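Me: I have a structure here and want to go through the labels attached to it. For each label, please set the value against the cut-off behind it.

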Amino acid sequence: MTKFRTRLLLVLISLILIVLIAAGLLLGQLFKSYYVNIFNERVQKETVFISNYIKENGGIAVFLKDGRKAELNALIDSHFTILAADGTVLYDSNVNKKNNPESHAALLDRIGENIGSNQEGYELVDGSSDLHYYWKSIEKGDDVEGYVVLGNEMGDIKQVNRQIWWILIGCLGAALIVIIMLGSQIAARYTRPIEAATTTAIELAKGNYRARAYEERSNEAGMLNTSLNILARNLQEMEVAREMQQDRLETLIENIGSSVLLIDNKGYVTLINREYKELFQVEASNFLYRVYYEVIKHKEIIHIIEEIFITEKSIKRQLRIPLEIDRKHFEVYGAPIIGNHDEWKGILVVFHDITELKKLEQMRKDFVANVSHELKTPITSIKGFSETLLDGAMKDEEALQNFLSIILKESDRLQALIQELLDLSKIEQQEFVLNLETLNLCQLLEETCAILQGKADEKNISLTLYAPDHPMQVKGDSYRVKQIFINLITNALNYTVKGGTVDIRITGEKQFVKVAVQDSGIGIEKAELPRIFERFYRVDKARSRNSGGTGLGLAIVKHIVEAHKGKITVNSEPGKGTTFTVFFNRK
């Protein structure tokens, strides 16, 4: 067993050592190539700098005459040579720095022979002295005045390369020591199958059904380990099946389209799903494990739960519950949970949201009645005045003018009603597309207030826009956004008495822009708020008809805001005024 352990350890160490050596050689070459490329780029950039410096300071003659050589030598650590256009050396900063001027002169001669073919970018590397040269032409007008040749040694690169190799050797040695230690432990573990079986049994007792023992089939210890592994696999399969069933149940409860409420036999809430939390705007930390009548705000739901506790029978009812500014219709199904031995365990309450079904049902009932009722008044007026005119009133010029004005007004009202019906129908269609662009809400509201200023002046109402000095930008359809605020401000003017105020305030938050339209009008009763966004719904029917309203404005506003992925809220107090607040997501 010791020989096998030794052979296994040697094979493992040999393989890892080969991999580490190959990786070290590859990394060493990569680092060397990287630093050589950096070095060459540096030499090239310094050569271009010297060429441009001499060119911008009057050329070679001025450079040599004004004594700018010392200034340039202080800036650049490399040595450089200036050649005339024919290859003659005009200046060489290498004379006092190099110990091999003959080799340097020979290299300059070789460069001078090649500069005629190209104007710039020729690089020459001398292998014996390990020098890198780069040259570039110095132009004066359209002619080449001379050339600058810059060279540098590779001594620093060699030093860095040696340091890298020492680091790689150190890492290789440390890795080899770690591998030897780990390999010894792994090899020793194979000789202890009984210990492995004991460890596996302990892990299974703790509930870790993924634990396995090493199986050696040649002896009794191997048979024991095989039996333990079969037992572990069976337990793991049972645990996996239980977890899958639990996950499926949790997924079903969390993602079901209905709200679920579970109450134990003592009246404490033990479970609410995601739909319930989102619909009723509650937090699980403040709702769970508390008595139901302390956390449930709606009395209708509490009555159903109490009736189930008393009768121990299932109940199915339809409720209408106000949530924020909307009213939701629910089909509530409550049932007692009774165990196999008639043990009372609690109550399950499921809320099916049937608001849309109710709306569709109500729309089918109300649409014809509402449209016919809205169309009846203007059509009756038009018909009545037309008949009056035909009966002889046409001869009275004053009556004729008055009747025709009324007919025109009723026709405009009829046209406005039909147009708003078409707009609402278009907005509600799934293929409705917004022409999104970047909008400045401050500028857009200034234009909207300018449009409605005349109407405000007629009623002596103060129409004021409070906007910040900087732009408030959002993504939106300019026509539709302007339609939102025209409807809201028009409603505010219609429902505000003479001498009142209408204020529009724009404020910016971190993630959204908020626009509030506040008036000092008649206000809206709290019971009316959930219905003000319904079609044809009017708070004050007489005032709405006299102002030319159709009852569709706020319905259109809500649909446009939702199409922009925004939100609209309303706060009102009768006799003090109403505030509509629109939230737009920031750009």
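Reply: What follows is a set of questions and answers on a predicted model.

Me: Why is cysteine 442 called buried?
Reply: Buried means under 20% relative accessible area. Cysteine 442 has 7%, so it is buried.

Me: What makes cysteine 449 buried or exposed?
Reply: The relative accessible area of cysteine 449 is 9%. Exposed would need over 50% and buried needs under 20%, so cysteine 449 counts as buried.

Me: How many disulfides are there, and by what rule?
Reply: The count is zero. A pair would need its cysteine sulfur atoms within 2.5 Å.

Me: How much of the protein chain counts as buried?
Reply: Of its 587 residues, 36% do. The accessible surface of the chain is about 35300 Å², and carbon and sulfur atoms hold 54% of that.

Me: What is the secondary structure of residues 164-183?
Reply: The span is 100% helix and 0% strand, with its end C-alpha atoms 28 Å apart. The name "transmembrane region" for these residues comes from an unreviewed UniProt entry, and such annotations may be inferred rather than shown by experiment.

Me: Which residues form a nonpolar patch on the surface?
Reply: They are Leu26, Leu27, Leu30 and Phe31, with about 370 Å² of accessible area together. Patch members need over 30% relative accessible area, and nonpolar side chains are joined within 5 Å. Of these residues, leucine 30 lies in helix α1, which covers residues 2-56.

Me: How many helices and strands does the protein chain have?
Reply: There are 17 helices and 17 strands.

Note on methods. Residues numbered from 1 in each chain as written. Predicted model: local features only at pLDDT ≥ 70, side-chain atom pairs only at ≥ 80, totals over all residues. Heavy atoms only, no water. Buried < 20%, exposed > 50% of the residue type's maximum accessible area, 1.4 Å probe, protein only. Helix = DSSP H or I, 4+ residues; strand = E, 2+ residues; numbered from the N terminus. Areas by Shrake-Rupley, 256 points an atom, 1.4 Å probe, with all protein chains shown as cover. Patch = residues over 30% accessible without salt bridge, like charges linked within 9 Å, V, L, I, M, F, W, Y side chains within 5 Å. Salt bridge = Lys/Arg side-chain N within 4 Å of Asp/Glu carboxyl O.
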